[in-house]
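Me: I would like to learn how to read a structure that is new to me. Please take the features one at a time.

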Amino acid sequence: MIEMKPGAPHEAVNPSLDENISRVDQDLQIMEAHSAEMAAAEEGIQDSMKKWDREYKDSHFHSVPRGRKHQR
């Protein structure tokens with residue numbers, strides 16, 4: 001394991017990594033600032049996916065339509 005001194009400056013091995021890290025930090029700040037909107041959007045997407053999944057399964061995996069299922 002490499003030991004680093006707490007006050008020693010570290011040299012950047014790859015400068016493009018610093019750019020990527022700063023971009024990720026900016027994205028995280030934006031996500032934290034708009035967390036309520038992101039949660040609402042994610043909830044809407046999950047609800048629509050559940051609805052689509054339920055409709056798909058109902059139309060493809062049931063042999064008898066629900067309206068006729070209990071009529072005899």
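**Reading the side chains**

Reply: W52 counts as exposed, at 55% relative accessibility. Exposed means over 50% relative accessible area, buried under 20%, and partly exposed in between (1.4 Å probe, protein chains only). This is a predicted model, where local features need pLDDT of at least 70, side-chain atom pairs count only at pLDDT 80 or more, and totals for chains, interfaces and linings use all residues. Residues are numbered from 1 along each chain as its sequence is written, and side-chain values use heavy atoms, with hydrogens and water left out.

Me: How many aromatic pairs does a search of the whole structure find?

Reply: A pair of aromatic rings is described by the distance of the centres and the angle of the planes. Rings of Phe, Tyr and Trp (its six-membered ring) pair if their centres lie within 6.5 Å; planes under 30 degrees apart count as stacked, over 60 as edge-to-face and the rest as tilted. The search finds one pair. W52 and Y56 are stacked, 5.2 Å centre to centre with 15° between the planes. Y56 is partly exposed, at 33% relative accessibility.

Me: Which side chains meet in a salt bridge?

Reply: Side chains of opposite charge can pair when their charged atoms come close. A salt bridge is a side-chain nitrogen of Lys or Arg within 4 Å of a carboxyl oxygen of Asp or Glu. Here D53 and K57 meet, at 3.2 Å from N to O, and the structure holds one such bridge. D53 is partly exposed at 31% relative accessible area, and K57 is partly exposed at 40%.
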